[in-house]
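Biologist: I would like to learn how to read a pocket and a sheet in a model of this kind. Could we take them one after the other?

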Amino acid sequence: MPCDYPHLFSPIIINGRRVRNRIASAPMSHRGEIPRYTRQAQEFFSSIAKGGAGIVAMGEAGVDSRVDICHPYDSHLDHPVILPSLAGAIDAIHLWGALASVELVHSGNRAHPDYIPSDSKIIGPCEMTNLYGAPVIAMDEAMMNETADKYAYAAYMAQYAGIDIINIHLGHGWLLSQFLSNLDNHRTDEYGGSLENRARFPLMVIDRIRQKCGSRMILEVRVSGEEAVDGGLTKEDTVELAKMLDDKVDIIHISAGTFHLTDTACRMFPTVFTPRGCNTHVSEAVKKVCKHAAVAVVGGLNDPDIMEDILAKGKADIVVAARAFLADPDFPKKARTGHADTIVHCMRCSSCNSVGFIPHVPFSSGTLRCSVNPTLGREFETSHHQTPPETVKKVMVAGGGPGGMEAALTAARRGHQVTLFEKSDRLGANLYYADGIPFKSDLVAYRKSIAANVEQAENLEVRLNTPVTAELIKEEKPDVLIAACGAVPVIPPIPGVNLPIVHSVTDLFKKGLKPGKNVVIIGGGQAGCEEALALAAKGHEVTIVEVQPELAREAHFVYWKHLLRVIAGEPHITAMRSTQVKEILDDGVLAAGPDGEEKMLPADTVLIATGMTEDNDMLSEWDKLVPDLRIIGDCEHTARIMEAVRSGYCAGYSID
């Protein structure tokens, strides 16, 4: 059968090893209760290999647990106690025909004083006080040699365990990146100043690993092609660095950004405001100067069409994805076999990579979560404990939103007979607002993909234009009723809220509302902020009024940081925080700022974006009509897509 993606699924030979296709997973760590490659982690990496990746990378393996711990769940390859679990993870990857890679990192000046021994010193290129307020000492040559040996030892241990690729992290603000970047390296000796000098220690590390592991080990380096901050590494720097690396390594992997400036996380983990394939201009430039090394590129790559285009145009030899695998580990297999429409698309909401973004979030959760993949973090139970139900049951799902679709799919996949009822004429009706917002194309892709899965599922019937009523329940006589009826807008008790100029923000897409030139949005949560950006892009003058001191604080951290930056750079948006709406008038909104001073905000249209509330008044009646009523998503408690999808999965999975 001809493949729709011939470049994506062509093999590549790297240092004598055949990689079955051009798709690699970016280095990711499956956090667990202890810093080891747990059985759950092994299942996680196995799922990516089984899904069709050519290379599966395990992320953030430290090389020196005395001085480089920055995270409570860091794994370190400086003691043989980790060998059995590491070998198990590698075996799990090899089982499905992929090559296994491990990323070696050293925290350097980002080490956390709470996690290293009290008698250890935090090290880096220069003396400084780090982001945790701890002193950092400048490395001398003896420390550099010792650290290079630590890298080599870690690489050798991984090689002994059966690893195929050693990925040496030269980017994102870790130790070797700290030497490469003028943001951290202010040395005046032979390890500072020129790029050649700043690269001296990283090259020492690479040489030491090559000496220890031999010429046949595939060596990969991951670099920040651009640090995206004044004074940081540029594309031109990376091209020059690539020339130094070309005959020393086998893969040069282009990423971007640095942990030293959280705003650059939008390039490290591209959000919806960043173009997909945002680093390909760097990888293309690097590829032009490389005679030996293959060039890999990462950066918002969650669509096989975009990946194919990058390869076809010679912008890279390998495409790398992380969150796309979290959303759907089977996406390569689906693309290769002609089922690309069923790839569950990553929405780039940053839920997965925000939960461990300490110290900018209060805790590291110790696990991965995905807004669209409720099985993430449950790989062991879903791959080994998903037995057929004892009795096939008739399941009725009321509501075709994300939670309802996930519940219906999961119950049907268990083997139950499922009917999904949706009162509107389409699945995912409340997600259609995204069609009018250019930066929400990932949400549109997710909506289409989950609907395609529902429409193609066995044991699952969909009935549109069919609201669930007590009479329908009596007629259908289900064994299980899953209520996924969603939510309705909250209308605050503000004087004037019933005036003709006032509308719910949902009216923009539900009723085709055409707002006037001057728009006031009451409510500066994520929904209000996103609609403000969409309206401003169309030429409206928008004022956001938010009673809290911060906008959109419920958004995931990486997304939130980028959202605030985009809003701050939009000249047609005025954001008023810690501001109370006093009254809505025929020509605008009267609001009081944090100092109590009242101000009139002219408006042709006022949009209410103060949240949603549960639509569940009918449940007390329904509960009497079925032996098993399950309430999920916004119908139970208004939240985000993640909570709706996870509750839907649990409701469908646990029917027995």
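Biologist: Which residues lie nearest the centre of the second largest pocket, and how many residues line that pocket?

Modeller: Bear in mind that this is a predicted model. The lining of the second largest pocket consists of 33 residues, and those nearest its centre are Pro329, Asp330, Thr375, Thr382 and Arg413. Two or more lining residues come from each of helix H1 (39–50), helix H11 (323–327), helix H12 (331–336), helix H14 (379–384), helix H15 (402–414) and helix H16 (441–456), and H1 gives the largest share, with 6 residues.

Biologist: How much space lies in the second largest pocket, and how many residues of its lining are nonpolar, polar or charged?

Modeller: The space in the second largest pocket comes to about 960 Å³, while its lining divides by class into 14 nonpolar, 10 polar and 9 charged residues.

Biologist: Turning to the sheet, in what order do the strands of the open sheet stand, and is the pairing parallel or antiparallel?

Modeller: As a general idea, the strands of a sheet pair through backbone hydrogen bonds, in either a parallel or an antiparallel manner. Here the open sheet has 3 strands in the order S24-S25-S26, with antiparallel pairing. Strand S24 (580–585) and strand S26 (598–602) are at the edges and have a single partner strand each, so one side of each is without a neighbour in the sheet. From one strand to the next, the twist averages 25°.

Biologist: How many bridges join S24 to strand S25, and which residue in S25 is the bridge partner of Leu585?

Modeller: S24 and strand S25 (residues 588–592) run antiparallel and are joined by 5 bridges; the partner of Leu585 in S25 is Gly588.

Notes. Residues numbered from 1 in each chain as written. Predicted model: local features only at pLDDT ≥ 70, side-chain atom pairs only at ≥ 80, totals over all residues. Heavy atoms only, no water. 1 Å grid on protein atoms, 1.4 Å probe; cavity = no way out; pocket = protein on both sides within 12 Å on 5 of 7 lines; lining within 4 Å. Points joined across faces, edges and corners; volume = space filled by probe spheres on them. Helix = DSSP H or I, 4+ residues; strand = E, 2+ residues; numbered from the N terminus. Nonpolar A, V, L, I, M, F, W, Y, C, P; charged D, E, K, R; others polar. Pairing = 2+ DSSP bridges. Axes fitted to C-alpha atoms, helices over the stretch in contact; angles between N-to-C directions.
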